[in-house]
Amino acid sequence: YPLCALAVSDERPVFNAEYMGAINRAQESGIVVIDEIDKIAMNSSFNNHYKTGKGEGVQKELLSIIEGTTVQTNHGVCKTDHVLFIGTGSFHNSKPSDLLPELQGRLPIRVELEKLSEEDFKHILNFTKNNLIQQNAALFETEGVDVVFDEDAIEEIARISFVLNKTVENIGARRLRSVVAKVTEDLSFEAPDCQDKRIVVDKDLVMKKCEKLIHQIDFSKYVL
């Protein structure tokens with residue numbers, strides 16, 4: 001758009017029209033994602049650490065917004081009657097049925113995502129933009145160290161992440177960060193002494209660094 005100079009009195013109506021257009025778009029086609037909604041379920045271990053009923057109070061506050069209300073913003077009044085609300089959560093220690101019945105009624109469609117497979121982990125490490133492998137290589141490059149992960153190492157990291165999610169706790173793709181951090185832990189401290197060197201991370205190194213990690217099992221789920 002061409003630039004033009006306007007007096008403050010002339011530009012105010014222009015900005016007001018833009019704000020009203022934005023509010024209308026939010027009212028008619030807005031999407032709000034409520035993440036970690038499982039943490040306020042009544043049987044959640046996270047909720048049990050706080051005062052009794054606090055999670056229920058949060059649910060009631062959310063319910064009033066999801067049912068439809070008028071929200072006062074800095075740019076005008078926004079109604080939530082036609083906004084699409086999506087609640088997400090892992091529900092490890094609780095179930096969707098632990099939420100208030102009224103809240104369940106306002107979130108009627110339930111979708112359960114499949115657990116990440118070993119192939120999914122490999123795809124994340126190889127093909128996602130700015131993946132963990134690229135991040136770590138760039139990080140070591142700042143220290144003058146050329147770190148390369150070969151294909152077997154990436155496959156082993158994916159396998160270990162999959163096994164840990166299956167045997168310890170399923171935290172999704174976040175497991176990759178903890179495994180890669182374990183593999184590069186010693187390299188991070190030794191990097192200043194390895195300048196202008198090329199270090200290849202192979203399968204044997206990954207297995208050696210994660211040997212103790214892979215044998216961790218969460219026995220709490222077997223305790224009555």
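**Note on a predicted model: strands, surface and salt bridges**

1. Ile86 lies in strand 4. Helices (H or I, at least four residues) and strands (E, at least two) are DSSP runs, numbered from the N terminus. Ile86 is partly exposed, at a relative accessible area of 35%. Buried stands for under 20% relative accessible area, exposed for over 50%, and partly exposed for values in between, with a 1.4 Å probe and protein chains only.

2. A word on the basis of this note. The model is predicted, so local features need pLDDT of at least 70 and side-chain atom pairs count only at pLDDT 80 or more, while totals for chains, interfaces and linings use all residues. Residues are numbered from 1 along each chain as its sequence is written, and side-chain values use heavy atoms, with hydrogens and water left out.

3. The overall make-up comes next. The protein has 11 helices and six strands. Of its 224 residues, 28% are buried. A contact means heavy atoms within 4.5 Å. Taking contacts between residues at least 6 apart in sequence, 70% join residues at least 24 apart.

4. The accessible surface of the protein is about 15,700 Å², and carbon and sulfur atoms account for 54% of that. Such areas come from the Shrake-Rupley method with a 1.4 Å probe; for residues, only the protein chains shown count as cover.

5. Which residues make the nonpolar surface patch of about 360 Å²? They are Ile31, Val33, Leu84 and Ile86. Strand 1 (31-34) and strand 4 (84-87) are the elements that give two or more residues to this patch. Patches are made of residues with over 30% relative accessible area and no salt bridge; like charges are joined within 9 Å, and nonpolar side chains (Val, Leu, Ile, Met, Phe, Trp, Tyr) within 5 Å.

6. Thr80 lies in the loop between strand 3 (76-79) and strand 4. Is Thr80 buried or exposed? Thr80 is buried, because its relative accessible area is 7%. Leaving aside residues up to four places away in sequence, Thr80 touches Ile65, Gly68, Thr69, Val71 and Phe85.

7. Strand 2 (residues 70-73) pairs with strand 3 in the antiparallel sense, over four bridges. Two strands pair if DSSP finds at least two bridges between them. Strand 2 and strand 3 form a hairpin, with two residues between them. Gln72 stands opposite Val77 in strand 3.

8. How many salt bridges does a search of the whole structure find? The search finds 10. A salt bridge is a side-chain nitrogen of Lys or Arg within 4 Å of a carboxyl oxygen of Asp or Glu.

9. Glu56 and Lys60 are four residues apart in helix 3 (residues 54-67), so about one helical turn separates them. Glu56 is partly exposed, with a relative accessible area of 27%.

10. Asp146 forms a salt bridge with Arg198, and their closest N and O atoms are 3.5 Å apart. This pair links distant parts of the chain, 52 residues apart: Asp146 is in strand 5 (residues 145-149) and Arg198 in strand 6 (residues 197-201). Asp146 is partly exposed at 38% relative accessible area, whereas Arg198 counts as exposed at 57% relative accessibility.

11. Glu185 and Lys182 also form a salt bridge, with the closest N and O atoms 3.6 Å apart. Glu185 counts as partly exposed at 37% relative accessibility, and Lys182 counts as partly exposed at 32%.
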